[in-house]
Amino acid sequence: MNWSGWSEFWSMGGDGLYIWNAYLVTIVVILTEIGVIALTRRSILEHLGRYAKIALKERKPRNEDSGF
């Protein structure tokens, strides 16, 4: 396709409304997915951090009791 100017590019032969809305929805979905992944990653890391602290607390008394 050849466009003579930006207005023709944005109008996309009269289908610009549908095309640009499709791009907009796609970008919103992708950004939402990235946000959800980032929040899930943070939650998992916090959970694993808490689990590691609990595991270390449970491990320390066993070493002290064994006399090593």
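Biologist: Where does Met-12 lie?

Modeller: Met-12 sits in the loop between helix H1 (6-11) and helix H2 (16-66). Helices are DSSP runs of H or I with at least four residues, numbered from the N terminus. Mind you, this is a predicted model: local features need pLDDT of at least 70, side-chain atom pairs count only at pLDDT 80 or more, and totals for chains, interfaces and linings use all residues. Residues are numbered from 1 along each chain as its sequence is written, and side-chain values use heavy atoms, leaving out hydrogens and water.

Biologist: Why is Met-12 called buried?

Modeller: Its relative accessible area is 13%.

Biologist: What is the phi of Met-12?

Modeller: Near 50°, which is positive in a residue other than glycine. Most residues other than glycine have a negative phi.

Biologist: Why does Gly-16 count as buried?

Modeller: Its relative accessibility is 6%, so Gly-16 passes too. This glycine belongs to helix H2. Setting aside neighbours within four places in sequence, Gly-16 is in contact (heavy atoms within 4.5 Å) with Trp-10, Ser-11 and Asn-21.

Biologist: Which residues form the aromatic cluster?

Modeller: Trp-3, Trp-6, Phe-9, Trp-10, Trp-20 and Tyr-23. Rings of Phe, Tyr and Trp (its six-membered ring) pair if their centres lie within 6.5 Å; planes under 30 degrees apart are stacked, over 60 edge-to-face, the rest tilted. The whole structure has seven aromatic pairs.

Biologist: How many residues of the chain are there, and what percentage count as buried?

Modeller: There are 68, and 3% count as buried.

Notes:
Buried < 20%, exposed > 50% of the residue type's maximum accessible area, 1.4 Å probe, protein only. Helix = DSSP H or I, 4+ residues; strand = E, 2+ residues; numbered from the N terminus.
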